[in-house]
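Open the structure in your viewer and keep the selection tool at hand. We will walk through it stop by stop, with something to select at each one.

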Amino acid sequence: MDILSALGDGFAIALTFENLLLALLGCFLGTVMGALPGLGPSNGVAILIPLAFTLGLGATPSLILLTSVYYGAMYGGRISSILLNIPGDEPAMMTCLDGHPMAKKGMAGEALSLSGIASFVGAFFATWGLILLAPQLVKVALLFGPAEYFALFALAFMTLGGVSSTNQAKSAFAAALGLGLAMIGVDTQTGVPRFTFGEVHLYDGLDFLVAIVGLFALSEVLIFLEERHGKASAEGRQLKVGRLTPPLSMIKQCTPTMLRTSVLGFIAGVLPGAGASLGSFISYSMEKRLVDKEGTFGTGDPRGVAAPETGNNAAAGGALVPMLALGVPGSGTTAVLLAVLLSLNITPGPLLFTQNPDVVWGLIAALFIANFMLLAMNIPMVGLFTRLLMVPPRILMPVVAMVSFVGIYGISGSSFDLLVMIGFGVMGWVLRKLDVPLVPIILGTLLGNSMEANLRRAITIDNGDWWTLVDSPLSLGLWAIAIIGFVMPIIFGRVVKNKMRQRKDEEGAISD
Amino acid sequence: MSDRIFGVFGVLLAIGYAMSALAIEESFLSDAVGPKAFPLIIAAILGISSAVIAIKPDPEPHWPDFGRFVEIAAAVVVMVLYAEFLPIIGFVFATAIAATYLAWRLGSTIIGSVATGVGTSVGIYVIFHLVLGLSLARGPLGF
């Protein structure tokens, strides 16, 4: 009952005129960003962060805006998968498999509306999962001391690479690079400058928002310049959308699929390092194994559309659990959301639920509201979004670049930050070419300082004894999971990733 | 080959990082760990992972040909110039020029790219500055 009354308070916060408007705006922008190939959820949220600051929004409204974008992007990705066979973002990759064949059969409208319903179901159950699971996780997290937190951070880094890269050495490199960048600036405990090379601008550290926008948005612009996707992706390939309601029999046929994949996707989302792409991938694979008796998957089976869409939206909700309850994000986009929280001076983690219950429950209520808005937006109004797909990258990409510049300049007002951002953009481009995952870098710059603080706190409490790090069963357990999580993908990861790669478009969307 | 170069570069980076970590001046009032230890751990991970990358390289990535490289370098130069000149010539002009360049290089026609550039610049100015009140760089003409 506690939960229900807290949720009630949350709705009271979320149901103000301003917050509803923000949720609506976020849902709309999110769907657009998800639908446009090349702009994924992490990009979308990253370039909108400055907007949230500009509007002078408080913590709850900014989070409502940005998580609506996040949920919206998960909905939007399917539109271009179905109509153009180009995934709008990586989690929507699997939707191409059956979505596009359905569209070719003249059932584009049915595919779009069915996947809209599937997205709704996945997100709806995942939000309930978040409500039920997060408080339990908080209870566990309250047992954590600094040594356990250090182990937890290590776990996040070591498992993160597992899915996002085939090469564990490269994800370890990325994590170390991010952590190393976080060290720049004045050491908070002793007050000595580190790695600043006498540059005054570096004394208060690199702004992680600059790093995020540079690595994600600008490197995307450079990729487009390299490949010169100048043409509109939709030109000459527009399919007729047709009727926008799926027949009841189709929904009935897909209901068991949607329920199963909600659970599966949610679990995939909660696990660190997995995120929505894995959610949709394992949902599709499992359903194919379970219900594909006649071999219709891949030829436009509605269940093959419902499964990955439910899976990726459920995973999106699941990924919020570790981010809110532990302060350790499980995916790229939740890492960006964590950056927002940190910039707003809110530290996620167990204390968030007791100190800022308004933020948590307001956010959760907003997720429910956003989900209903998205359902309404994505079924009757889907035609509007299909028309937006006609915007060619040669117009879109300059806008993205300029909005990124404006956003960063708007936060700091300094050219120096813009130069740092360009540096990150170039670095992001090179690293993407070399198949080095970007998400660990972001996570490293975000968490580096608190990881170090926990390490030093743990050891100082124990009078300089480093063995304190593996002193309790809890931290030993965390280290064990971390090591297993790091080693397993070296053995098994290649197989899974190769299967996902087979479907990977040249688009180079950033892994969520 | 790319991975080998990348790995060697990473090892050098790790060594440089470790050296500048050792050069951190310790305060006389320090905790048990001090400001050097964690950076040194990071340098070690950086070094080891780079060495592994160099020893066991992945297949060669698909690098663009020389022309595309120049394309990207030119775009980076334009962005750097944009960052440098933004406070001098003001937001609207700088953005219009930079966006026009990008649109042109992405394959718009000349007229199309000028339209995109001016549209982007004015659009952002109106939405972010006039409507939302974000302070943008002011040029000599006040915008």
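This is a predicted model: local features need pLDDT of at least 70, side-chain atom pairs count only at pLDDT 80 or more; totals for chains, interfaces and linings use all residues.

**Stop 1: Colour by confidence**

For your selections, residues are numbered from 1 along each chain as its sequence is written, and chains are lettered from A and ligands numbered from 1 in the order in which they are written.

Within chain B, select helix α2 (residues 37–55), where confidence is highest, at a mean of 92. Then select helix α5 (residues 110–131) of chain B, where confidence is lowest, at 86. For the model, the scores are ipTM 0.91 and pTM 0.82.

**Stop 2: The outline of chain B**

You will find 5 helices and 0 strands; here helices (H or I, at least four residues) and strands (E, at least two) are DSSP runs, numbered from the N terminus. Along the sequence the pattern reads α-α-α-α-α.

**Stop 3: The annotated spans**

UniProt, in an unreviewed entry, places the feature "transmembrane region" at residues 36–55, 76–104 and 110–137 of chain B. UniProt positions are given in the numbering used here, feature names are shortened, and annotations may be inferred rather than shown by experiment.

Select residues 76–104 of chain B: the span is 97% helix and 0% strand, and its end C-alpha atoms lie 15 Å apart. Then select residues 110–137 of chain B, with 79% helix, 0% strand and end C-alpha atoms 27 Å apart.

**Stop 4: Zoom in on B:Pro39**

Is B:Pro39 buried or exposed? B:Pro39 counts as buried because it has 25 C-beta neighbours inside 10 Å. The cut-offs are 20 or more other C-beta atoms within 10 Å for buried, 12 or fewer for exposed, and anything in between for partly exposed, with C-beta atoms placed from the backbone.

B:Pro39 sits in helix α2 of chain B. Leaving out residues up to four places away in sequence, B:Pro39 touches A:Met183, A:Arg194, B:Tyr17 and B:Ala21; a contact means that the C-beta atoms, placed from the backbone, lie within 7 Å.

**Stop 5: Where the chains meet**

Bring chain A back into view. Here 53 residues of chain A are in contact with 58 residues of chain B. On the chain A side, the elements giving two or more residues are α7 (168–182), α8 (208–227), α17 (393–412), α18 (415–433) and α19 (439–461). Select α17(A), which supplies the largest share, 13 residues.

**Stop 6: Chain A itself**

Chain A has 20 helices and 2 strands. The mean pLDDT of chain A is 81, but pLDDT stays under 50 over residues 230–236 and over residues 504–512.

**Last stop: Two loops**

Select A:Asn345, in the loop between α13 (332–343) and α14 (350–355) of chain A. A:Asn345 has a positive phi of about 65° although it is not a glycine. Most residues other than glycine have a negative phi. A:Asn345 is exposed, with 7 other C-beta atoms within 10 Å.

Finish at A:Asp435, in the loop between α18 and α19 of chain A. A:Asp435 also has a positive phi of about 65°, and A:Asp435 is partly exposed, with 15 other C-beta atoms within 10 Å.

Methods
Two residues are in contact if their C-beta atoms, placed from the backbone, lie within 7 Å. pLDDT is the predictor's confidence in each residue, from 0 to 100.
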